[in-house]
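User: I'd like to go through the labels on this model and ask what stands behind each one. Can you take me through them?

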Amino acid sequence: MNAPAAILSLSVALPPHTLSQREAVAVARELLSAGFPSFDRLAQVFVTAGIRRRYLAKPVDWYRTPHDWPARNQAFLEVAVDLFEEAATRALDEASLDAAAVDTIVTVSSTGIATPTLEAHAMRRMGFRENVVRVPIFGLGCAGGVSGLALAAKLARASPGSTVLLVVVELCSLAFRTTELSKADIVSTALFGDGAAASVLRSGSEGFAYVAGSAERTWSDTLDIMGWRIDPDGLGVIFNRAIPDFVHRHLRGAMDAMLAEQNLTPRDIDRFICHPGGTKVIEAIEQAFSLAAGTLHEEREVLADYGNMSAPTALFVLDRVRRTGLPPLSVITALGPGFTASTVTLRSAS
């Protein structure tokens, strides 16, 4: 049997522009209140979101001007490739490797269209080999970081000794719009930010953790809970207010079933490392797993410092947890369009 995939490194990267939540609500009111008469009633979400600041792909003034889909996607390409390179370089440096050592690249992103995909754009800049295997993943939304980690681990384990680079980049802010507004657009403006994460995995090597298993659950008839719609202005958010209630009612049963496939139960898990989709989602996860209120402290801190960055966010939480001391057995989990729960079980190397 092949050795488990080791996580050799984990890095995060952020675009250069910051926005405090106080500034965010002021800019949103300036740009959205005229076209959305109920803005002031919904503006409380900026207060309850639990966010202090977030990082943006573009300066604030860029968002004051309307942009069509080609302009938004061009901005995605320009910023996402830079973030890809920054996150990947940091992950490779931590693993004491250079880009030529990478055998497979798993790239996760759902906030822009790149064909050729981001790793191809970064190929010459970083020095990847011409025979590197490229595995781009689109459409997993907030679950993409965890699903990408699971797939990277499977690829590493399938080819012992090969080096797999996972890079996750999301630029949610580029979907900000001032026309065709819905309640979901207001909520997403209060919640989402931009960021990237990267990790190097290899089977048969030593790392800070080993991937012991992974699992997913997708619920039928839930296509309207989360995702994108395609408009002339670009990507429009689908973000159902029922998400926290759905998590509270369904996540525990799904987790029981996913862990049972690995001969585990929730009682065996020392720490659930969760994607912080929002304050209410964090509270719903704590209730679903019968955790004391406030248990998911690192999740709240990541949400406060960066907002919900979609797919990279769970990896930001994992990075914080591992720096304070990863427990013997943990499960990193995220929820995304589908509606899907994705999990990776980790055994600490220490």
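Predicted model: local features only at pLDDT ≥ 70, side-chain atom pairs only at ≥ 80, totals over all residues.

User: Why is strand β7 called largely enclosed by the rest of the structure?

Analyst: Hold its residues against that cut-off: ten of the ten residues in β7 (residues 194–203) are buried, so the strand is largely enclosed by the rest of the structure. Both of its faces are covered. On one side you have D194, A196, A198, V200 and R202, and on the other G195, A197, S199, L201 and S203, all buried.

User: How do you know that β7 pairs with strand β1?

Analyst: Two strands count as paired if there are at least two bridges between them. Eight bridges join β1 (residues 5–13) to β7, so that test is passed, and the two run antiparallel. As one case, A13 has A196 in β7 as its bridge partner.

User: And what makes β6 and β7 a pair?

Analyst: Same test, at least two bridges. β6 and β7 have nine, in the antiparallel sense. One of the residue pairs is E170 with G195 of β7.

User: Why does V164 count as buried?

Analyst: Its relative accessibility is 0%, and the limit is under 20%, so V164 counts as buried. V164 sits in strand β6 (residues 163–171).

User: Which residues is V164 in contact with, leaving aside its neighbours within four places in sequence?

Analyst: Contact here means heavy atoms within 4.5 Å. By that rule V164 touches T104, V106, A152, L155, A156, S199, V200 and L201. Among these, S199, V200 and L201 are β7 residues.

User: What makes helix α8 largely enclosed?

Analyst: Seven of the nine residues in α8 (residues 183–191) are buried, so the helix is largely enclosed by the rest of the structure. The buried ones are A184, D185, I186, S188, T189, A190 and L191.

User: What is the volume of the second largest pocket, and which residues are closest to its centre?

Analyst: The second largest pocket holds about 540 Å³ of space. Of its 35 lining residues, C172, S173, A175, S188 and F192 are the closest to the centre. The elements giving two or more residues to the lining are α1 (21–32), β3 (53–56), α4 (60–63), α8, β9 (226–231) and β10 (234–239). The largest share, five residues, comes from β10.

User: How do the lining residues of that pocket divide by type?

Analyst: The lining has 21 nonpolar, ten polar and four charged residues.

Key: Residues numbered from 1 in each chain as written. Heavy atoms only, no water. Helix = DSSP H or I, 4+ residues; strand = E, 2+ residues; numbered from the N terminus. Buried < 20%, exposed > 50% of the residue type's maximum accessible area, 1.4 Å probe, protein only. 1 Å grid on protein atoms, 1.4 Å probe; cavity = no way out; pocket = protein on both sides within 12 Å on 5 of 7 lines; lining within 4 Å. Points joined across faces, edges and corners; volume = space filled by probe spheres on them. Nonpolar A, V, L, I, M, F, W, Y, C, P; charged D, E, K, R; others polar.
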